[in-house]
Amino acid sequence: MRSFDYIVVGAGSAGAVVANRLSENGRHQVLLLEAGPAGYPWTHIPIGFAKMITNPAVNWLYSSEPEASTNDRRLPVPRGRILGGSSAINGLAFVRGQAQDFDGWAQMGNAGWSHADVLPFFRKMERYEAPGDDALRGRDGPLRVTNPPPREPIFQAVIKAAGEVGIPHNPDYNGATQDGIAMSQATIAARQRMSTASCYLDAATRRRPNLTIETGALAERLLLEGTRCTGVRYRVGDAVREAHAGREVIVSGGSINSPQLLELSGIGQPERLQSLGIEVMHALPGVGENLRDHYAPRTRWSVGARGYTNNDRGRGLGLVGQALRYVLRGDGLLASVAAPLRAFVRSREGLEAPDLLLGWVPGLTVAGPSGPKLSAERGMTCYAHPMRPESKGHIHITSADARTPPAITFNFLASPADAELTVTAIRIARRIMTAPAMAPLQIRELAPGPDATTDDAIIDWVKRAGETTYHPIGTCRMGQDPMAVVDARLRVHGITGLRVADASIMPTLTSGNTNAPTIMIGEKAAAMVLEDA
Ligand SMILES: Cc1cc2nc3c(=O)[nH]c(=O)nc-3n(C[C@H](O)[C@H](O)[C@H](O)COP(=O)(O)OP(=O)(O)OC[C@H]3O[C@@H](n4cnc5c(N)ncnc54)[C@H](O)[C@@H]3O)c2cc1C
């Protein structure tokens, strides 16, 4: 058995960061295990997300259990399975969340997680390449973040339309205030995706003699001696290997796989584990609970006017033009965020901060054999949803075999407040899309459709058509209560030598997308591990 100081399981948004920082000073031997491959060509070109969202070469391709809130549909739950994890396949939008999100975590009793505490890590991780407040934005971190100008007429029209209904343009929603509409800040620079694989596991980092990276390595069990975690058992092809961790194991498998690995290792709800023949090593009832995600219905709009949408620009000769533009100028459709325009809005006056997110895709897509493809019909899509849903689901293993996908149950809309806010978000989307500035585009609502006027009709459509925006969190929740899985230093309650560091530790959803806060969690986790060493 080989020995290391630290073993990091999962090289995703958080795990790649942890492995980088723990191996940075050269004093510690670090093993990074990643189930997926070391690379894949489509990870570099931003538009590649459309090629990877249904691609088993780089994606776990989970799906949820059928439930009433999804009209018994199984929703796709894509997750990156490659160096860089979901940061290597995601939609490339960069959103930190609100100061209130982190202050809320601290108020729940998680010392060290207030906005003032996490801001230094947000600044440390990024190299923000646009004008901004230097007290809030980082300028020399590993992750390049850009803020593209609203060049396309379709974005200019929506920004103007939002202004007409009282939503101002805010050029830096990751700065002092989140309110308003803006082009999505992007983990894209020099026409390339900025994943944690490319930014934190660059060639120089990979050459560090004290960092061992094993890809194609599926962690199947944590090795436990009583309540101490001493290493990891993992599978590479047909070979089963073990590695010993002298100091700690850090599980960074993401919100689906981290609770799965704890349960496979006998840490979780005793009855559930026993029913699968797994020896209970430590009872921890919160493992796999508190699952939250953004249930985000995509409203669909027909655009009568030519030349505005990706359906014109991304097909046939238009696509050739976009390819040339990408090669010559490094921008356009191929170098774009999945939802290039977004608005953070308030459902009502008197709120301290925005509670709804709207995101625009300047095209209509249909399912194709290898992922979504642009439809023949010209149009645009606007998703609209509450940012901090209260509804909670769970993820649990159904087998003692690590290769069996866990069961994912979301319980969307279980909270009436979530349903109410979803309706409000869709109504605000309608107000923007039908504002005077949109007139030149000759807009017509396709879905939910002009007949869906009552709240009930809108929710009925949401159940039939809603999807997530792929932001599962919270399944190894941080906290001090009996249902918490890790403490504020991300140590698994009741087990020594074991932490979880990824999106699963978030107690609540942050206000927006989850890649940036997860990278922050990786930075902060590594700092805490080093402090505790
Ligand atoms: C399609 C898609 C689009 C998204 N779009 C955006 C966006 O535009 N902006 C945004 O901010 N967020 C977006 N997100 C969400 C964001 O990317 C995730 O929240 C974030 O990457 C989660 O990071 P993580 O470290 O928790 O997990 P991951 O990044 O998923 O990393 C987990 C890693 O662990 C590995 N692993 C898991 N289990 C094991 C095991 N047993 N053994 C070995 N390795 C293992 C996995 O293969 C993976 O590489 C998107 C996500 C997806 C999937």
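Trainee: How many nonpolar, polar and charged residues are in the lining of the second largest pocket?
Mentor: That lining has nine nonpolar, five polar and eight charged residues. Here Ala, Val, Leu, Ile, Met, Phe, Trp, Tyr, Cys and Pro count as nonpolar, Asp, Glu, Lys and Arg as charged, and the others, Gly among them, as polar. This is a predicted model, where local features need pLDDT of at least 70 and side-chain atom pairs pLDDT 80 or more, while totals for chains, interfaces and linings use all residues. Residues are numbered from 1 along each chain as its sequence is written, and side-chain values use heavy atoms, without hydrogens and water.

Trainee: How much space lies in that second largest pocket?
Mentor: About 410 Å³. Of its 22 lining residues, Q98, D101, D355, R388 and E390 are the closest to the centre. A pocket is an open set of points on a 1 Å grid over the protein atoms alone, with protein on both sides within 12 Å along at least five of seven lines; a cavity is a set where a 1.4 Å probe fits but cannot get out, and lining residues have an atom within 4 Å of a point. Points join across faces, edges and corners, and the volume is the space filled by probe spheres set on them.

Trainee: Which elements each supply at least two residues of that lining?
Mentor: α3 (99–107) and α12 do. Helices (H or I, at least four residues) and strands (E, at least two) are DSSP runs, numbered from the N terminus.

Trainee: New topic. How many cavities of 30 Å³ or more are there?
Mentor: One. The largest cavity holds about 70 Å³ of space. Its lining draws two or more residues from β22 (379–386) and from α12 (416–433).

Trainee: Which residues line the largest cavity?
Mentor: D293, H294, Y295, H385, P386, P389, F412, L413, D418 and T422. By class, five are nonpolar, three polar and two charged.

Trainee: Now the backbone. Where is the cis peptide bond?
Mentor: Between A447 and P448, with omega about 10°. P448 sits in the loop between β25 (443–447) and α13 (455–465).

Trainee: What about the phi of N290?
Mentor: N290 is not a glycine, yet its phi is positive, about 65°. Its loop runs between β15 (282–283) and β16 (295–296).

Trainee: Is N290 buried or exposed?
Mentor: Buried, at 8% relative accessibility. Buried means under 20% relative accessible area, exposed over 50%, partly exposed in between (1.4 Å probe, protein chains only).

Trainee: And what is phi for L490?
Mentor: Positive, near 65°, and L490 is no glycine. L490 lies in the loop between β26 (467–468) and β27 (498–500). L490 is buried too, with a relative accessible area of 1%.
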